[in-house]
Amino acid sequence: MPKKEDLANMDQIYLAVLCGAVADRPSSASSTAEEAWKLKREALQLAAQPPQPQSEQKNINDKTCALQERMAEFLARVL
């Protein structure tokens, strides 16, 4: 089982792929699968944003870091 600290250092898109794998697992409870899909969708939306002005970039970076932390916590719990 991966540790939260190890997961938190992984790329956001890789974490999104892992969330997708959890969501697709037949053994995942529906609430777990739903949470996994929400995290994956949020990560892909953040990654797909066009370049932003410097003033907005800090906000996006903060959102990305917070999302990575949430994905790491989730994955550490379910993997």
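User: Is Cys-65 buried or exposed in this structure?

Analyst: Burial is read from relative accessible area, where buried means under 20%, exposed means over 50%, and partly exposed lies in between, with a 1.4 Å probe and protein chains only. Cys-65 has 53% relative accessibility and therefore counts as exposed, whereas Cys-19 is buried, with a relative accessible area of 0%. This is a predicted model, in which local features need pLDDT of at least 70 and side-chain atom pairs count only at pLDDT 80 or more, while totals for chains, interfaces and linings use all residues. Residues are numbered from 1 along each chain as its sequence is written, and side-chain values use heavy atoms, with hydrogens and water left out.

User: Which residues touch the most other members of the largest nonpolar core?

Analyst: In soluble globular proteins, nonpolar side chains tend to be buried together. A nonpolar core is here a set of buried Ala, Val, Leu, Ile, Met, Phe, Trp, Tyr and Cys residues joined through side-chain atoms within 4.5 Å. The largest such core has 19 residues, and those that touch the most other members are Leu-7, Cys-19, Met-71, Phe-74 and Leu-75. Helices α2 (12-24), α3 and α4 (54-78) each supply at least two residues of this core, and the largest share, 7 residues, comes from α4. Helices (H or I, at least four residues) are DSSP runs numbered from the N terminus.

User: With which residues is Leu-75 in contact, leaving aside its neighbours within four places in sequence?

Analyst: Contact means heavy atoms within 4.5 Å. With those neighbours set aside, Leu-75 is in contact with Leu-7, Leu-15, Leu-18, Cys-19 and Val-22. Val-22 belongs to helix α2 and is buried, at a relative accessible area of 1%. Beyond its own neighbours within four places in sequence, Val-22 has contacts that include Ser-28, Thr-32, Ala-36 and Phe-74.

User: How many salt bridges are found in the whole structure?

Analyst: A salt bridge is a side-chain nitrogen of Lys or Arg within 4 Å of a carboxyl oxygen of Asp or Glu. A search of the whole structure finds 6 of them. One joins Lys-38 to Glu-34, with the closest N and O atoms 3.3 Å apart; these two residues are separated by about one helical turn, because they stand 4 residues apart in helix α3. Another joins Glu-35 and Arg-77, also with closest N and O atoms 3.3 Å apart, and this pair links distant parts of the chain, since Glu-35 is in helix α3 and Arg-77 in helix α4, 42 residues apart. Arg-77 counts as exposed at 55% relative accessibility, while Glu-35 is partly exposed at 33%.

User: What is the N to O distance in the salt bridge of Glu-42 and Arg-70?

Analyst: The side chains of Glu-42 and Arg-70 meet at 2.5 Å, N to O. Glu-42 lies in helix α3 and Arg-70 in helix α4, so the pair ties together parts that are 28 residues apart in sequence. Elsewhere, Lys-4, Glu-69 and Glu-73 are linked in a network of salt bridges.
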